[in-house]
Each structure stands twice: as C-alpha cells, then as structure tokens.
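Dear colleague,

Please find below the structure that I am handing over to you. My notes on it follow.

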Amino acid sequence: MHATVDSALDPRTDALAGEWLTLRETAERLGIKPNRIKQLIHEHRILAVRRGGEPMVPAAFIKDGQVIKGLPGTLTLLSDAGFDEAETIRWLFTADDTLPGTPVDALTENRGTEVRRRAQALAF
C-alpha cells in the first residue's frame, strides 16, 4: 500500500468517508507535528488519499486525539489482502449489517477483533 494514491477517488467512495482532514488538520487533532503524519502514513498507522491534489485523511480515523484503536492492524491486513487505498476506504466505510454498521464504526466502538477477523479472511 502506498502512502497516498495519486488518482482521485470516485465520488461515491469519496462521499463514504464523510469529513476529510488535511495532513495539518490531522496533526492538530492528534497533537503532533505535521511531518510526523507522513511517518504514520508511511508506517500504515493511518491512511491518506489524494483529494484535489492534496493528501487527506478521513476524520473518522481520529477519536479523542488518537488514531482509532485497531486501525493500523486493519490497514496492514487489508494491504496484505491486496487492497489499494480506494478499496480500503470503500471497505472501511461500507455498512455491513452483520457487524452492524461500518468497519470504521466497529473500530471506533472498540469492536476491532471482529473487523480484523473479517479483514484477515479477505486474504484467503
């Protein structure tokens, strides 16, 4: 998985994530320096995609000043399953009635074990 994708997300995928943050806004919400965000992206601890030529992060990835618990491991599993950035955004933000809600909702609500189990199954 690359740090950021160079092509634009399709409008439906873009809309799934709702609110987007610039890297500077992401750094402010996490209370870290902006250059540290690039390192977190490189380490697959957070995901950014290009929107209008600028790398941006879904606001839902941050809660209470921290990256949501379980996101880094889930990003790694999806990358290992061959998902690109757009596919990852689509998977994380698409409702799944069996969870219920979206995988990102489940991670935010500390139900990450089931999300990671499903992401791991995608590789097989």
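Which residues are buried in helix α3 (residues 34-42)? They are Ile 37, Leu 40 and Ile 41, where buried means under 20% relative accessible area, exposed over 50%, and partly exposed in between (1.4 Å probe, protein chains only). Helices (H or I, at least four residues) and strands (E, at least two) are DSSP runs, numbered from the N terminus.

Please note that this is a predicted model, in which local features need pLDDT of at least 70 and side-chain atom pairs count only at pLDDT 80 or more, while totals for chains, interfaces and linings use all residues. Residues are numbered from 1 along each chain as its sequence is written, and side-chain values use heavy atoms, with hydrogens and water left out.

Helix α3

An α-helix has 3.6 residues a turn, so residues three or four places apart point the same way. The buried residues of α3 pack against α2 (23-30), contact meaning heavy atoms within 4.5 Å. On the face turned away from the buried side of α3 are the exposed residues Asn 35, Lys 38 and His 42. Just after α3, His 44 has a positive phi of about 60°.

Helix α2 itself contains Glu 28, which counts as exposed because its relative accessibility is 57%.

Helices α4 and α5

The axes of α4 (residues 71-80) and α5 (residues 85-93) come within 11 Å and cross at roughly 125°. These axes are lines fitted to C-alpha atoms, for helices over the stretch in contact, with angles running from 0 to 180 degrees between N-to-C directions. The two helices α4 and α5 are therefore oblique to each other; angles under 35 degrees count as roughly parallel, over 145 as roughly antiparallel, 65 to 115 as roughly perpendicular and the rest as oblique.

In this contact, Leu 71, Thr 74, Leu 75 and Leu 78 of α4 meet Thr 88, Trp 91 and Leu 92 of α5.

The buried residues of α4 are Leu 71, Pro 72, Thr 74, Leu 75, Leu 77 and Leu 78. They pack against β5 (66-67), α5, α6 (103-108) and α7 (112-121). Just after α4, Gly 82 takes a positive phi of about 90°.

With kind regards
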